[in-house]
Amino acid sequence: MSFTVAIDGPAAAGKGTISKAVAAHFGFAHLDTGLLYRAVGAKVLRGADPLEAAQTLEPIDLEGENLRTPEVAQAASKVAVDADVRAALVAFQRQFAARSDGAVLDGRDIGTVICPAADVKLFVTASAEKRARRRLDELNGKGMGLGFAEVLADVQARDKRDSERATAPLKPAEDAVLLDTSDLTAEQAIAQAIEIVQAARA
Ligand code: CDP
């Protein structure tokens, strides 16, 4: 029996941190679906056709720190508007979710489109300022030397594009549990997420 945890939310809300910790706690596999769109976006920045890039994506394309830049994030959010690009990535995500050992997928449309029957759906949010501050610390921790205004602008532009697109827009599934991490430490957010998953498992 597979067990699927869908974790969605706006840019830099803490989905990755929470997803990794939940997956580790329950021994589930984790898929950061944003990486799929980032990898397609990175290929497009290098001159590729978006649909062809999505159709020929390979595991190796998902590796590398160069996918974590605001420039690639913007490119990802632009290719993610394209319904054909999204469709090309559906099967891989659903196959991953069906793993019998349990799976956590994080993204924008996991609870609404990819896994509408997920056992647990979390919608993780925080204020744009808090999210930008955390992302700034994360990126500058890797020596990127970005400014707050630049990171906030990336987060806000992507949230707008991701929420307003016609196909699979960013929004909570009707049955999603909302987790606002604005005033929570990472440890507190993780503990709440684990509690919610635990309750659904029981
Ligand atoms: O880590 P962060 O929240 O900043 O972004 P991400 O999850 O890596 O996603 C990068 C971009 O990919 C988003 O801004 C979305 O446009 C797109 N995306 C999507 O459309 N659907 C998903 N399931 C995941 C990401």
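Gln198 has a relative accessible area of 39%, so it ends up in the partly exposed class. Keep in mind throughout that what you're looking at is a predicted model.

While we're at Gln198, find it on helix 9, which spans residues 186–201. Now look across to Phe26: 172 residues separate the pair along the chain, yet their C-alpha atoms are 8.9 Å apart.

Now for the ligand. It sits in the largest pocket, with 18 residues around it. The closest of these are Arg38, Arg86, Arg135, Arg158 and Asp162. What is the make-up of that shell in terms of nonpolar, polar and charged residues? It divides into nine charged, five nonpolar and four polar ones.

Which helices each supply at least two residues of the shell? They are helix 2 (34–45), helix 4 (70–79) and helix 8 (148–164). Helix 2 gives the largest share, namely three residues.

For Arg135, an N or O atom of the side chain is 2.8 Å from an oxygen atom of the ligand. Arg165 also brings a side-chain N or O atom to 2.9 Å from a ligand oxygen. With Arg108, the distance from a polar side-chain atom to an oxygen atom of the ligand is 3.0 Å. How much of the ligand's own accessible area does the protein cover? On its own the ligand has 530 Å² of accessible area, and the protein covers 97% of that.

Back to helix 2, because there's a residue on it worth a stop: Leu45 is part of this helix, and its 46% relative accessibility lies between the 20% and 50% limits, so Leu45 counts as partly exposed. Its C-alpha atom is separated by 7.8 Å from that of Val72, a residue 27 positions away along the chain.

Next comes helix 3, residues 50–55, where you'll find Pro50.

Finally, have a look at the backbone torsions of two alanines. Ala12 is in the loop that runs between strand 1 (4–8) and helix 1 (15–26). Its phi is near 60 degrees, which is a positive value in a residue other than glycine. With 10% relative accessibility, Ala12 is under the 20% cut-off and therefore counts as buried.

The other alanine is Ala168, and its place is the loop between helix 8 and strand 5 (177–180). Here phi is near 50 degrees, again a positive value in a residue that isn't glycine. Why does Ala168 count as buried? Because its relative accessibility is 11%, and buried means under 20%.

Note on methods. Residues are numbered from 1 along each chain as its sequence is written. This is a predicted model: local features need pLDDT of at least 70, side-chain atom pairs count only at pLDDT 80 or more; totals for chains, interfaces and linings use all residues. Side-chain values use heavy atoms; hydrogens and water are left out. A residue is near a molecule or strand if one of its heavy atoms lies within 4 Å of it. A polar contact is a pair of N or O atoms within 3.5 Å; within protein, one must be able to donate a hydrogen and the other to accept it, and residues adjacent in sequence count only if both atoms are side-chain atoms. Accessible areas come from the Shrake-Rupley method with a 1.4 Å probe; for residues, only the protein chains shown count as cover. On a 1 Å grid over the protein atoms alone, a cavity is a set of points where a 1.4 Å probe fits but cannot get out, and a pocket is an open set with protein on both sides within 12 Å along at least five of seven lines; lining residues have an atom within 4 Å of a point. A molecule sits in a cavity or pocket if more than half of its atoms lie within 2 Å of its grid points. Helices (H or I, at least four residues) and strands (E, at least two) are DSSP runs, numbered from the N terminus. Ala, Val, Leu, Ile, Met, Phe, Trp, Tyr, Cys and Pro count as nonpolar, Asp, Glu, Lys and Arg as charged, and the others, Gly among them, as polar. Buried means under 20% relative accessible area, exposed over 50%, partly exposed in between (1.4 Å probe, protein chains only).
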